[in-house]
Amino acid sequence: MASKCLGEESREKSMKIVAIGGTGLIGSKLVNKLREHGHEAVAAAPNTGVNSVTGEGLAEVLKGTSVVVDVSNSPDWDDAAVLKFFETSTRNLLTHGAAAGVRHHVALSVVGTDRLSESGYFRAKIAQEKLIRESSIPFTIVHATQFFEFLKGLADISMVGDKVHLPHVLFQPMSADDVATAVARIAVSAPMNGIVEIAGPEEFRVDELVRRRLASLKDPREVIADPNARYDAAKISEETLLPGNDAQLGETRFEAWLTQSAAQTSGAHPQPTGVAMTTNEKDSHKRAG
Ligand SMILES: NC(=O)c1ccc[n+]([C@@H]2O[C@H](COP(=O)([O-])OP(=O)(O)OC[C@H]3O[C@@H](n4cnc5c(N)ncnc54)[C@H](OP(=O)(O)O)[C@@H]3O)[C@@H](O)[C@H]2O)c1
């Protein structure tokens, strides 16, 4: 992914870019990267006075904005709540964005979303994407694969009794840092009016990589390769989670990320459970892709 530098396709030297969810895992990295490249990047989230669900602060923050990047996520995980979040938030962003003359709406979603409609979370992402496609604002939808930071969260949502049940299928996860680099580059490029896929440089089996991640955290939970296990309530097969051949690939390999992540953790305070977690994993235990 870093084969192209972030500013290479930039249309303008400095743009006002508002990151909805700009305080989250991807959002905070994205805002830093855009600022490093000279853009006026604004982190919009409830604790900075912008709520995309209630509409609070939206008209104000979008004044003079060229690009909106939606990297928000629902704080509530049940099917009805997540659908309400993405539908209401996306409608508000598109309505206020059109009124403010926003020229590019970018949203982060998940590789394979259309194939995962048995899951309430993914039905909400499908609804979000449909609203974006139907709006008058030029757009790019970024489909990312699972984040390395989400592997522990994936274990947490895949518990049957005290064991983690996961399918033995392929996926191509990536680091949150590579996600943010790609989203930043796409945000300053021309709208695609379509979907761009981004992914990690290596393929793994879901159950095997989660087992490796838990071992690295000294998390004692056993991971079972279960052919009947679902992915966030959706039935999946060998290639459901894989991107297509045109996906843009990140550079960070899993082992390198693990080493960096262990170095960060060694400076952190121990967790009450005795299970080490990086700051990013504390955030991404939430249901997310
Ligand atoms: N996890 C994965 O493996 C994966 C893979 C592909 C794509 N994705 C997608 O990536 C996106 C971002 O994920 P993430 O892990 O970076 O999320 P995250 O760390 O949970 O951050 C979510 C952000 O949304 C903000 N937010 C919540 N409610 C809001 C509201 N009403 N108005 C404005 N902002 C609001 C949060 O602010 P507060 O912290 O103040 O609440 C936070 O800044 C998600 O849409 C997800 O579907 C995830």
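Is Thr240 buried or exposed? I opened the notebook with that one, keeping in mind that the model is predicted.

**Entry: Thr240**

I looked up the relative accessible area of Thr240 and got 7%. The cut-off for buried is under 20%, so Thr240 counts as buried. Next I checked where Thr240 sits in the chain: it belongs to the loop between strand E11 (223-225) and strand E12 (248-249).

Then I asked which residues Thr240 touches, setting aside neighbours within four places in sequence. The list came back as Gly112, Arg115 and Leu116. I also looked at the Thr240 side chain, which reaches the backbone nitrogen of Ser237 at 2.9 Å.

**Entry: aromatic pairs**

How many aromatic pairs does the whole structure hold? My search found 8. I picked out Tyr121 and Phe122, an edge-to-face pair with 5.5 Å from centre to centre and 85° between the planes. Tyr121 and Phe122 are each buried. I noted, too, that Tyr121 and Phe122 belong to one aromatic cluster with Phe85, Phe86 and Tyr231.

**Entry: Phe148 and Trp257**

I turned to another pair, Phe148 and Trp257, and found the ring centres 5.4 Å apart. Their planes meet at 50°, so I wrote this pair down as tilted. Both residues, Phe148 and Trp257, are buried.

Why does this pair tie together parts 109 residues apart in sequence? Because Phe148 lies in the loop between strand E5 (139-144) and helix H5 (151-156), while Trp257 is in helix H8 (residues 254-266).

Note on methods:
Residues are numbered from 1 along each chain as its sequence is written. This is a predicted model: local features need pLDDT of at least 70, side-chain atom pairs count only at pLDDT 80 or more; totals for chains, interfaces and linings use all residues. Side-chain values use heavy atoms; hydrogens and water are left out. Helices (H or I, at least four residues) and strands (E, at least two) are DSSP runs, numbered from the N terminus. Buried means under 20% relative accessible area, exposed over 50%, partly exposed in between (1.4 Å probe, protein chains only). Contact means heavy atoms within 4.5 Å. A polar contact is a pair of N or O atoms within 3.5 Å; within protein, one must be able to donate a hydrogen and the other to accept it, and residues adjacent in sequence count only if both atoms are side-chain atoms. Rings of Phe, Tyr and Trp (its six-membered ring) pair if their centres lie within 6.5 Å; planes under 30 degrees apart count as stacked, over 60 as edge-to-face and the rest as tilted.
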